[in-house]
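Here's a quick tour for anyone meeting this protein for the first time. Take a look at the picture, then read on.

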Amino acid sequence: MEEIEWLKLPHDLQYKFFEEAERESDRIVDAVIKLQQLISDLKSFILSNIEELGFSDKKVKVAAVDGSRSPRLSERLGVRYGVFSVGAVVLLGGKRVDEKYQAGQFKRKQAFSQDVSRYFFSLLSTYSERKMAVDLLDEVKDGFLIIDGSFYGFVYSALGMRKQGLFGDNERDLFNRTLKLTEELLRSGRVIGVIKRSHTRAIGGFLALKNRDLVGKAESPVTIIDKLLLSAIMPEGTLLRYERITGDDPVYVYTQLAYMAHRGIWDEDPLKIARDRAYEPYRVMGIGENAVKKLRRMQVKSHLDAPVCEIEYPVTVPFEDLRTLLGQRNFFNEATGLPFALDMVDSLISLDPRFTDEYVSEVEARALGKIQGKVSAEVLRWFFDLLNPQKST
């Protein structure tokens, strides 16, 4: 039996951690009790803004594209390596009719910071996902295609590199190609994005705008993500269209309001400041605010015990077409609340954190087999061993 890590520590240090755990458990209990009261206070407001999803017996062809990056980067072989996969499935009536896969690698000089490498790696994998999605458009011209994440979520990876002064020609070219593919997906009017890891706090921002007393208050809706509030309140088979509370402003304007309220950043026209702050990344990257204003979001509660699913879609998509798509039987996974097609792709292509090392070991083994007799043993020793202190034994 493997020894418990806790028991490997000195007894006095174990006791210190027990004390920390006790204090943290008290804090969590207090937070959950306050959350319950907050949910009770907001229930009538939320229920007044939702609508029925409805169910449809019509079979709509659905494709989903997703990618996976092994989060651990390897620095063996003199460069920084990462690996990613991209996959797609096409479903009709819940049955798989097609699937596609792509493998890719990321390679960057070790001289660049690891943070910048991660930004570029993220952008590269997003580009590959968007490329596969565009290639699938003809196959779903009478249906819909699902992508993972927000349409313009990749802007923040590019912005991170730009802020560090490392947004050069290669980075700009990759960004522009990703942007071009994204615009093609949007023009099709047949693509929606699913926000798995949602940080939206538009409800808190809206309430702070209506009630100045919430500004700077530690325990209030401005500190709670919408996903938690809505998952606890919305009945199954319902949806919330954000434009009912945010109007024509994208949700991240109101999320910015929530952030400002939490930090006490407030003046006579907080909405103007929130808009300026929310649109700034898109202006800096040359996209402009008009592009993101053409996107809408909704939250869908498909099953009683599943969390809500946040969906982004172009304003050009007719709402009744979306309702037909989302209302298909078995469209959502009862366990996760996410579209079943997206969960299926995710399960097929997920890469373990250890896979990068396994991939680099495969490259190393193949290289060693090809290079035998072509260079001296001393050079091999320097390149494959002494320069790679992180190499596992």
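Let's start inside the sheet: strand β7 (residues 238-241) and β8 are joined by four bridges and run antiparallel. Helices here are DSSP runs of H or I with at least four residues, strands are runs of E with at least two, and both are numbered from the N terminus. Two strands count as paired if DSSP finds at least two bridges between them.

This is a predicted model, in which local features need pLDDT of at least 70 and side-chain atom pairs count only at pLDDT 80 or more, while totals for chains, interfaces and linings use all residues. Residues are numbered from 1 along each chain as its sequence is written, and side-chain values use heavy atoms, with hydrogens and water left out.

**The whole chain**

- The protein chain has 14 helices and nine strands.
- Its C-alpha atoms fill a box of roughly 75 × 65 × 45 Å, taken along the principal axes.
- Of the 393 residues in the protein chain, 48% are buried (under 20% relative accessible area with a 1.4 Å probe, protein chains only; exposed is over 50%, and partly exposed is in between).
- Take the contacts (heavy atoms within 4.5 Å) between residues at least 6 apart in sequence: 74% of them join residues at least 24 apart.

**The sheet**

- Nine strands make an open sheet with mixed pairing, in the order β1-β7-β8-β9-β6-β5-β2-β3-β4.
- β1 (51-52) and β4 are at the edges with a single partner strand each, so one side of each has no neighbour in the sheet.
- β3 and β4 run antiparallel, joined by 13 bridges, and Phe84 has Gly104 in β4 as its bridge partner.

**Strand β8**

- Why call β8 (residues 295-301) largely enclosed by the rest of the structure? Because seven of its seven residues are buried.
- Leu295, Arg297, Gln299 and Lys301 point one way from β8, while Arg296, Met298 and Val300 point the other way, and all are buried.

**Strand β6**

- β6 (residues 191-195) is mostly covered, with five of its five residues buried.
- Val191, Gly193 and Ile195 sit on one side of β6, Ile192 and Val194 on the other, and both faces are covered.
- Strand β5 (residues 144-148) runs parallel to β6, with four bridges joining them, and Leu145 stands opposite Val191.
- β6 pairs with β9 (residues 309-314) in the antiparallel sense over three bridges, where Val194 stands opposite Ile311.

**Helices on the sheet and on each other**

- Helix α11 (residues 319-326) lies across β1, β2, β5, β6, β7, β8 and β9, at about 35° to β8 (axes are lines fitted to C-alpha atoms, for helices over the stretch in contact, and angles run from 0 to 180 degrees between N-to-C directions).
- In helix α12 (residues 340-349), the buried residues are Ala341, Leu342, Asp343, Met344, Val345 and Ile349, and they pack against β2 (62-69), β3, β4 (95-108), β5 and β6.
- Helix α5 (residues 202-210) packs with helix α8 (residues 251-263) at about 65°, their axes 7 Å apart.
- Ala202, Gly204, Gly205, Phe206, Ala208 and Leu209 in α5 meet Val251, Tyr254, Thr255, Leu257, Ala258 and Ala261 in α8.

**Cores and a buried glycine**

- The largest nonpolar core has 77 residues, and Leu145, Tyr152 and Phe175 touch the most other members (such a core is a set of buried Ala, Val, Leu, Ile, Met, Phe, Trp, Tyr and Cys residues joined through side-chain atoms within 4.5 Å).
- A second, separate core of 29 residues includes Val300, Leu322, Leu338 and Ala341.
- Gly82, in strand β3 (residues 80-92), is buried with a relative accessible area of 0%.
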